[in-house]
Every structure is written in structure tokens, then in C-alpha cells.
Amino acid sequence: MKNFLLPLVIFGITVLAQTKIADPKGADAANGKRLFERNGCYQCHGYWGQGGNAGARLAQTRLTLVAFSAFVRNPPSGSMPPFRAKVMSDQELADVYAYIKTIPEPKPAKDIPLLNP
Amino acid sequence: MSDSKNPVGRRGFLKRAAAGGAGLAATAPIALAQQAALKPATGSAAEVTSSVRPGSDFMVDVFKTLGIEYIAANPGSSFRGLQESFINYGKNTSPEWLTCCHEESSVAMAHGYAKIEGKPMMIMAHGTVGLQHASMAIYNAFCDRVPVYIVLGNILDVNYRRGNPEWVHSVQDAAAMVRDYTKWDDMPVSLSHFAESAVRAYKISMTPPYEPVVLVADGTLQEEPVTEKNLRIPKLVMNAPPQGDSGAVAEAAKALAAAENPVIVAGRVARTPRGVELLVELAEVLQARVQDQRMRMNFPSAHPLYGHPGAVIASPNLSDHDVILALEAQDLWGITHKMTGFNKFGMESHPTIKPGAKVITVSAIDLNHKSNYQDFGRYVEADLAITGDPEATLPELIEAVKKLITPDRRRALQERGVKIAAENQAGRARNRELAALAWDASPITTARLSAELWAQIKNEDWSLVSNDRFVSSWPTRLWNFSKPYHYIGAQGGSGIGYQLPASVGAALANKKHGRLTVNIQCDGDLNYAPGVLWTAAHHQIPMLNVMHNNRAYHEERMYLTLLGAKYDRDLGRSDIGTALNGPDIDYASIAKGYGLYAEGPISDPKDLGPALKRAIARVKAGEPALLDVVTQPR
């Protein structure tokens, strides 16, 4: 579950036309947070989408909902599990995306004394 | 913990026991017949118990010549003779007895101790039930190439088995159970045989590749008097470690010196502090990146040539390199190939290294392969395979490389080094930015935990004795590991239950050097045999345990989610069988119950720094302490 951004871009473009994606308008971030935890997204990506050695950072993602959904629906081999519509509907995926977009910007490391050598 | 006040010596106790047995026999004819059958062929019971020098005293004399400092053991009747001799005849010094609550703890303590001290601790166990408890920890030590000196009690002679417990604790071939994952064993049948095998066992265990060894101390030999004449203890002469063939080393040097972009993959390289110095020297001579698999403290983490200071240390990207030098590397095939991931069906694999890249291996493991357990990994099609201990082989390799590097070549290599150093610096800066994510989150991030801990210990003489993979390798990414005892790697066999006892053993080794031992302790691991916390308190072993309490066997929970998604299942059920909540486990109360200073649960990151300060003050005063920190999963 690492180094997937490049294949994601390529893959996202490839499947864009084939994937039906929910309208992000009206997405429910609170429900997205609930699903993020219930469906185990936090297990690899952290409760705040901060990432770790098991999963990439999601917080402050620059991906569009379309690209995000394309990756989640059919990730490349060796990355995350596929979350197909039977597991998480398009609307639920949009809710999860909405939650990720609510995660606040972090402080820069330079403003945190413990992170300055 | 010497105890010289015991008013009842074993010899006196045995005399009284024999007298009691005679009294009982007088009123129980059947028992009398049995007693008669149990009498040795020569001599009476009275003569037997009048001995002032049992065989176990001689065994203690033998062990004292080996320089073993400690014996870790949960007491057992099959080695009671040896225990009595160690604590009374041997005065409980060199070695000193450590009271353990589980044999798995005994072995894991020895495992952690050896990786700090560089020599084995002795453990003792019943040849049956004790060894069954110990076996997982022995497998870990075997996979981690760590010496452990295992002594098993057993009563081979049926005539000496006094009742059912001694029958069910006896075995025909005690070491058979662990022979697949120990290097050597023996079951001596005389004291002179015992002396020779005891010395041989130590020598074999400490010849690279280091491994556990087993010596069976027969109960009858322990408890019967010494009757052999001219007993002597053979002199211990250690083997020089196996060094790679000179011709092959010269060939490796030629390839490395000519390489455009070589990389050194370091597995279990540094056996001693010299190993770290040698690896640094080779890397600097070549100006080559070092991909440290973090199985030992091989290479300083802040060195400019330290490669890939990111989260996924176990599987570095080697695709840019034309020569790969693998020094006692683990699963080299796995890090040079890509396999179909868990999220897909079927299995395909392909190399991930550059076509034509030359692979050179230096390893002593080929000297000690076993068949059944598969710790050797997949067969590697190396271009040059050198059998030998890396640390012993490096001096000749370094000199050979130096001779091949001309001044012009040296200038080119310096340019390569500058580029690697810049990448390293960028990687470390990126790590700091990533550590800032979710800085104020509760549960506390593993990055915040690591940063708070580093702030408190960086000016101390510290030693991190836990594997940091389960906390996203944040200590490796944020701290400055430089001294040989700053890190000791992981379990070896990935057997959980290792971490807490191994940390206690490592802390014991650090104690005499006055080092501050730090253990980032996973919650799942602690619950296997938490009694070792009492051992730490009882023997006053100072150490700071900081819980990484994510309230789950989290790795397995991730697997369940991954497979559930793969099969389109309900993903809300991956906590079943993996979560450690409902009720939440109160680790601070557990630790207090075992006699430790403890605080927690700590969920607010603002509370962590002050709690660490309080706990470290107690550790520096000589106590073990535990902080229960509720953390993010990874």
C-alpha cells in the first residue's frame, strides 16, 4: 500500500469513463467518518487519514472524487483492498471522500518544536 | 539475589526425606516393595544421601568456566539438583538465578540480553512441559541468529522416576522437540561427557551463525554423588568466525568498485560494535547507499548514506542499482521481486531490479540450514555467493575495494555520495512534515509518541530495545541511532510474545552500563506472558515501557479487512477475534500489580510529555516503569 500515486493517475484516467461516481454534492461527511471507521479505512490510513507504514496519507488529498473512487474501486495489485459497490456504494464513497476533505490542515513541522532537530 | 541464609541444606533435607520414606515403607508393604525396586544396584539409600558433592556441583563448576552471567528459569523439579547447586554451592553468582514466570519469557529474555551483551544467557526448563512453553521463543531466537544456552532437566533412567509427575516430565529424547530450530544438542550420560558437551555447546552457539543450543542435564547425574575419577573441564577455545573466500571477496570488490550505483543491503550484519564501524567504512569508501533492514544496529540512521528513510523499510526500492551487495540479508528474493498482492487472485512474480544487475551475497546461513522450517527464504539466483560471516569478511573486502579506487574514481564516487546525501536529507525533512499530520489527534499518533519520547531521551545514554515497525518506523525516521546498543531488531521468527520479555533481558544487559532502556510495547504482545513485568520489578531491572496500545491484534485485523473487501463481505466484522476492547485492558493497573511504577491510559497528547518525564525519573532511580498510551493503529 505504497507508492501508488503515479499508477493511480494513470489508472484513474483509464477507468474514468467506465465508473459511475456519486455526485459529491450533498455528501454527508459525518456519515463518511462513520464509514471510514466501520469499514476499516482507519486501520491503514489512521483515524485522521494521516497514513503510516500500512497505508498512504489521505488527509489533504489532491485527488478528485472521481480519481479517488476509481482507485478505491479497483486498486493496482499490491496496494489496498478493492472496495466495490457491494461493500461501499457510490454515495457512501462520496461521503467518505467528504470526510477526508474535512480533515484540517496540519501545522507545518517547522512550527512544532519537537520536530525540529 | 544471593541467599546464604537457608538453614536447611539439600543434603540434610534429602537425608530426612529418606528417613521419612523408610518410616512410610514400614507401614505400607506395597510401597516397601516399590522402594526396594528403586534402590540403586550398589550402595544403600543412606550411603547415597550422605554425599557432600552431587554431580550438579560439578556441573556448576563447568558452567562457571563459560562466563555466563545469568540463568533465567521458571523452577522445575527435573533440574532441582542444578538449581540447588547454583544457589548454594555456586553462591548464586556468575551465574545469578533470575526468577521467571514462564519459560517463553526465560528464552526471550535471553534473546534480548544476547543482542545487547553479545553472549548467551542460560535458560533452564523441564525437558517436556517447560520446553513446550519455551519452544516458540527458541524458534524466534533461531530465526534471529541469536545464541541461547538451553539446559533441560530430564530423568532418563526409569528407576529414578519417583511417581507420576516425574514420569510425565520425562522424555526419551528431550531435545527432539526443538531440534529443527536449534543448532546442536546433546544428552550426556556421564559427568565427563557433560563437561565436554557443555563447553562444546557454548562454542557452537557462539560460532557464526549464532544459534540456540541444548544440553540435557540428566536428573540422576545431577543428584547422585560424583564418583568418576579424574574429572576435568575442557578449555573453551572459541572458533574464529568463518570468513569469505579471498578469491570471491576480490571478485566482489572488483564489481563494487566498478559499479555505477551500488547498494548495500544490510540484514544481520553487526555482531559486535566493530561491525557498525566496518559497514560505515565500506559505505564511505564506495559512497554507496545502505539499505538497512533494521535487524541489528548496523548503520547510523542519520548518516548521509542511509537509504530510504521512509515508512516501508522492509521492502526498499532497489531498481536503480547495478550491483546489490546483500550482507546476511533477510528474504532477499522478496525484496528483489514483486508478487501479486493480497488484493488480487492468482500469483505472478517478476524481478524488480534492473536487468543485468549483479547480485552478490555474503552470508553464513548456508553453514547451518535445516529442512523443515522455511526461514531460509526463497532461493536467490546470486551472481556471486560468498559463504562467510559478513562482519568477519568486511575487513578484507574494504581493503580490496580501496586498492581498486583510483583518485579519479574517488572523485566520481564523491559526486555520487553528494547526491545520495541530498536525497537522504530530503527524505528526513519529508518525514518531519508527515510526523506533523494529526499531531493533536486522540488516540495519539505513533509519530507524536515517538517525537515526545525522543525529546525526553535524546540527551540520555539510551537504548531502544523494541522493533519499531509497528509504529510506522517513526523512531528510525525521527531519531538519531548511532551507537551499537541503540537498536536490536525484532523477533526473528515473527513470534508475538517476544517483545516484553526480550526487552527485560536487554534492559538487564544495559543495567550495568547505566543505560536508559526504552521499550515501545505493543499491547497484543504484552498479553502473552505479562508475568515478566514482575521479574523486572523483582530483580530491579530499570526500563521504560511505553505502550503502543491500539487495542487490537492490528496486523491481523488489517488482513481480515483486506480479505473481506476482496470477497465483497461486510467489513464491519473485522474486530471479531482481533480487537482487544470491551473491556479495555488497563495496562497501568496490571503493571502496578506486578510492582512497577505505572500511569495511564493516556489519550491526550498534551499529557504524554509530562508523564514521560515522571516515568523516566523513576527509571533513572533504578525502577521499571510503564506508561499506557492509547495510540492510533500504526
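Visitor: How many salt bridges are counted between chain A and chain B?

Guide: The count between the two chains is 3. A pair qualifies when a side-chain nitrogen of Lys or Arg lies within 4 Å of a carboxyl oxygen of Asp or Glu. The model is predicted, so local features need pLDDT of at least 70 and side-chain atom pairs count only at pLDDT 80 or more, while totals for chains, interfaces and linings use all residues. Residues are numbered from 1 along each chain as its sequence is written, chains are lettered from A and ligands numbered from 1 in the order in which they are written, and side-chain values use heavy atoms, with hydrogens and water left out.

Visitor: What makes the pair Asp568(B) and Arg84(A) a salt bridge?

Guide: The closest N and O atoms of Asp568(B) and Arg84(A) are 3.0 Å apart. That is within 4 Å, so the pair is called a salt bridge.

Visitor: What else does the rule for polar contacts find across the interface of chain A and chain B?

Guide: There are 16 residue pairs in polar contact, both partners at pLDDT 80 or more. Such a contact is a pair of N or O atoms within 3.5 Å; within protein, one must be able to donate a hydrogen and the other to accept it, and residues adjacent in sequence count only if both atoms are side-chain atoms. On the side of chain A that touches chain B, helix α3 (residues 41–45) of chain A gives the largest share, 3 residues. Helices here are DSSP runs of H or I with at least four residues, strands are runs of E with at least two, and both are numbered from the N terminus. That side of chain A divides into 20 nonpolar, 12 polar and 6 charged residues. In that division Ala, Val, Leu, Ile, Met, Phe, Trp, Tyr, Cys and Pro are nonpolar, Asp, Glu, Lys and Arg are charged, and the others, Gly among them, are polar.

Visitor: How many residues are in contact between chain A and chain B, and what area do they bury?

Guide: 38 residues of chain A are in contact (heavy atoms within 4.5 Å) with 44 residues of chain B. The two chains bury about 3400 Å² between them, 60% of it on carbon and sulfur atoms. Of the area that chain A buries against chain B, Gln43(A), Asn53(A) and Leu114(A) supply 21%, more than any other three residues. Buried area is the accessible area (1.4 Å probe) that two parts lose on being put together, summed over both.

Visitor: Why is Ser205(B) called buried?

Guide: Buried means under 20% relative accessible area, exposed over 50%, and partly exposed in between (1.4 Å probe, protein chains only). Ser205(B) has 0% relative accessibility, so it is called buried. Ser205(B) is found in helix α9 (residues 191–205) of chain B. Leaving out residues up to four places away in sequence, it touches Pro147(B), Val148(B), Tyr210(B), Glu211(B) and Val213(B).

Visitor: How do you know whether Ser503(B) is buried or exposed?

Guide: Ser503(B) also has a value of 0%, so it counts as buried. Ser503(B) sits in helix α18 of chain B.

Visitor: Are Lys115(B) and Asp144(B) buried or exposed, and how far apart are their N and O atoms?

Guide: Lys115(B) and Asp144(B) are both buried. Their side chains form a salt bridge at 2.6 Å, N to O. Lys115(B) is in helix α6 (residues 103–117) of chain B and Asp144(B) in the loop between α7 and β4 (149–154) of chain B, so the pair ties together parts 29 residues apart in sequence.

Visitor: Which residues touch the most other members of the largest nonpolar core?

Guide: Met121(B), Ile123(B), Ile138(B), Val148(B) and Leu626(B) do, in a core of 56 residues. Helix α7 (residues 129–143) of chain B supplies the largest share of this core, 8 residues. A second, separate core of 38 residues includes Trp439(B), Tyr487(B), Leu516(B) and Leu627(B). A nonpolar core is a set of buried Ala, Val, Leu, Ile, Met, Phe, Trp, Tyr and Cys residues joined through side-chain atoms within 4.5 Å.
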